[in-house]
Amino acid sequence: MLISPFKLRDLGMLGMNCRNRDFIGRYNRRELYPLVDNKLETKLLAQDYDVATPQLRFVVREQHEIVHIEQQLRDLKGFAIKPAKGSGGKGIWVITHRQDANFIKSSGAEITLNDIRRHMSNTLAGLYSLGGVSDEVIVEDLIEIDDCFEGYSFEGVPDIRIVVFRGFPVMAMLRLATHASDGKANLHQGAVGVGLDLATGRCLNAVQYGMPISEHPDTKQPLKEIKIPGWQGMLTLASRCYDMTGLGYIGADLVLDANRGPELLELNARPGLAIQVANGFGLLPRLRHVEKLSEKKFANADARVAYVMQNFAKFD
Amino acid sequence: MNRGKIPFYLLVLSLIGAGLTTAWLRHSTTEIPLVPGEQKPVWLIEARVDFFADGGATTITLDLPDEAPAFRLIREQAASPGYGFAVLDDQKNRRAEWTKREAYGLQTLYYNAQYQPVEADTAESANLPKTQSVYWSEPQSTAARELLRGALARSSTPASTARELIKLLNPNAADQNAELLLANESSRAELLVKLLNQAEVPARQVMALKLEDARRRQVLQPMVELYADGRWLLIDSMTGEQGLPDNLLLWSRGENSQLDVIGGQNSRLTFSMIRQTVPAMALSQVQFTDNLFSMLGVYSLPIEEQSMFKMLFLLPLGAMVVVFMRVMIGLKTAGTFMPILISLAFLQTSLVPGLISFVLIVGLGLLLRSYLSYLNLLLVARIATLIVLVIFLISILSLVGYQLGFNTGITITFFPMIIIAWTIERMSILWEEEGAHEVLIQGGGSLLVAVFAFLLMNIQVISHLSFNFPELNLVILALILMMGQYTGYKLSELHRFRSMSNANDVD
């Protein structure tokens, strides 16, 4: 039922308290949080730094603008509606296509334009934002799933979470939506987490609900065969998020678009701990290792990624 | 240990030290008990003066104990109808004085006082008292000299001299000199005092009252105090026993008269006494009103503010429980400190009715909220609507409860309504997004923390300590600071990461 704390320590598992005090509290300056807590700001910042993100269609900032969304949505076949200040994937609606006047969500549910309006209204009022502060709605292009994920995703886009510490990618995980997770990529909602080798982008280990699994629960596809194409580019993209934000300890959520390649979906200044379970080992030894490295020596992302791929490899 | 942490640990230690020291000082100087409901024994002693008044102006003065060793005066009063009464304090010699312009026939005056037994004061008295000069007429003078010579020969100290003298004065073994002296002196105690003074040992006669529960018509007994080794030593002139017994109250020490009656005759002084127990708390409040700690204590405030502080001083404990539950255990709660407010409300409503009404209000609120979803309201308006609905719910529950004869109906109003409205809103969104399971986890976690905090706050000792020794909250502050430094695993993480137990150790 319980695991001994000494065993956890031997595995180098990072606990919530240690993460909050020794890493988030120490390496993430408070005034930089808005850069990542607001997806719109992250997006605009990423454009400045030439970090690829899904194409922004339009932003709804005020309640009265909701009336006009019909025209703005007219040309869009599929799109994603996101609260700028939402957290944990809350309030994100993915519209895959239209059926007559209605819209079809990724879960298959059919919704009306009024449903979208109500959702936007709620979002603007702060329903999904931390502390209920007023919010903005982002409408952006749908991501086209890359062929390499064929059979691995159910109702949702697989995304890759990379924990970046002082610019060094220290751990990576692929998150696959399942029927149980309702198309969402959150592990505690039942998504599958696949730990990825930092050197190769190959599958190390996979879990659902914290328990090891070997195949996708819905498609029965073996997870061991997963290998992310263009892995080094992914790591470099994640590593550059540190230069972009200045936050020392972040989780970068990346996606692989079939046409546009790796894109930054969002950044998280308080990345969760489930990535360790997906990988089957703890973050702490790598974090302590990176803490000792000199920042000047690894000034650019390529150097950091090269170092990481050499030192944190799991496969020979 | 990390060197940079030393100032922090010093801060924590000094907070704990300051809290405990102040509490201990407060306890030792004002005798506020450390546990509630502590009882302390006190003696209620009643002196009764009977006399026949001659019909004219009457003045009666009664000697009162000044500094009775091992006893502390708590309160005193006189009950004598028609008499003027005052306690005169003349150079540390306290006397009660009754006065009346015209009194006739049998008069009875009462004086009663409460005395609390305390630790005997062993401090040395400052100045060496002078021996009184002694005058004998012949042949007592020779007899006294002879008696003293014999006693002094067999003794080395003032105390042993007194003991030998008492032996010699023992009626059964008395020699001729002793018999002669006893025959001419009315009281053995007085004789002993004279002899000791002649031997250059300062001595005086004291009047003592033996305290026994529920005795009446007791009289003062003469005893002897002699001065040796820098303090007064009590000696029983009959038995020769030295030292002060527990139940002996020295009513008068060295004063000349116990009772003076002017304008009356056949006066008689008797005592009755009873042993009582009183709450130590009340005793402390009566005695130490002008103490620094009492002035800085909550008791110097009006009652209304006191009851507010009673709640306020419990809050740090609740905050500590929340910190512990979240940092060490890893319970999820809806709203960080919402559970404390709920537990404070439980203190007013008591646990089971409080739990029932809380669950009822939140449950009904969730039902109403699910209807509000359809109205597509703006968030702020929706919360405001919820607040109004919660107030209606609470009023209805109160009224229904009252009509059904439950007192708890009225105390429901102690629940913080705005917090409840927000809780309902959060729970409802949680329900829509994460499902009923997560609502149960967070709601249950909040209630668990609230109940735990309530059970702690409801312990009598804890509420007593937090109210009477507010400085103990510094200790709680130190503990909270300590927990803020904890970077180990939470209990919940041991469960969350349980699947890691088959993983191999890191390379």
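Two residues are taken to be in contact if their C-beta atoms, placed from the backbone, lie within 7 Å. By this criterion, the contact between the chains takes 33 residues from chain A and 24 residues from chain B. On the side of chain B that touches chain A, α12 (379-403), α14 (417-434) and α18 (491-496) each supply at least two residues, and α18(B) gives the most, with 4 residues. Helices (H or I, at least four residues) and strands (E, at least two) are DSSP runs, numbered from the N terminus. The residues on this side of chain B comprise 12 nonpolar, 6 polar and 6 charged; here Ala, Val, Leu, Ile, Met, Phe, Trp, Tyr, Cys and Pro count as nonpolar, Asp, Glu, Lys and Arg as charged, and the others, Gly among them, as polar.

The model is predicted: local features need pLDDT of at least 70, side-chain atom pairs count only at pLDDT 80 or more, and totals for chains, interfaces and linings use all residues. Residues are numbered from 1 along each chain as its sequence is written, while chains are lettered from A and ligands numbered from 1 in the order in which they are written.

Chain B contains 18 helices and 13 strands. Its radius of gyration is 37 Å, well over the 23 Å that the globule rule gives for 507 residues, so chain B is more spread out than a compact globule. The radius is taken over C-alpha atoms, and the rule is 2.2 Å times the number of residues to the power 0.38. Along the principal axes, the C-alpha atoms of chain B fill a box of roughly 120 × 75 × 35 Å. Of the 507 residues of chain B, 33% count as buried. A residue is buried if 20 or more other C-beta atoms lie within 10 Å of its own, exposed if 12 or fewer, and partly exposed in between, with C-beta atoms placed from the backbone.

An unreviewed UniProt entry places the feature "transmembrane region" at several stretches of chain B, including residues 6-25 and 337-367. Residues 6-25 of chain B are 100% helix and 0% strand, with the end C-alpha atoms 28 Å apart. Residues 337-367 of chain B are 94% helix and 0% strand, and there the end C-alpha atoms are 24 Å apart.

In chain A, strand β10 (residues 203-208) is mostly covered, as 6 of its 6 residues are buried. Strand β9 (residues 192-196) of chain A runs antiparallel to β10(A) and is joined to it by 5 bridges; two strands pair if DSSP finds at least two bridges between them. Within this arrangement, A:Val194 stands opposite A:Ala206. The two strands form a hairpin with 6 residues between them, and A:Gly201 in the turn has a positive phi of about 80°. β10(A) also pairs with strand β11 (residues 211-212) of chain A, in the antiparallel sense over 2 bridges. In that hairpin, A:Tyr209 takes a positive phi near 50°.

Methods:
UniProt positions are given in the numbering used here, feature names are shortened, and annotations may be inferred rather than shown by experiment.
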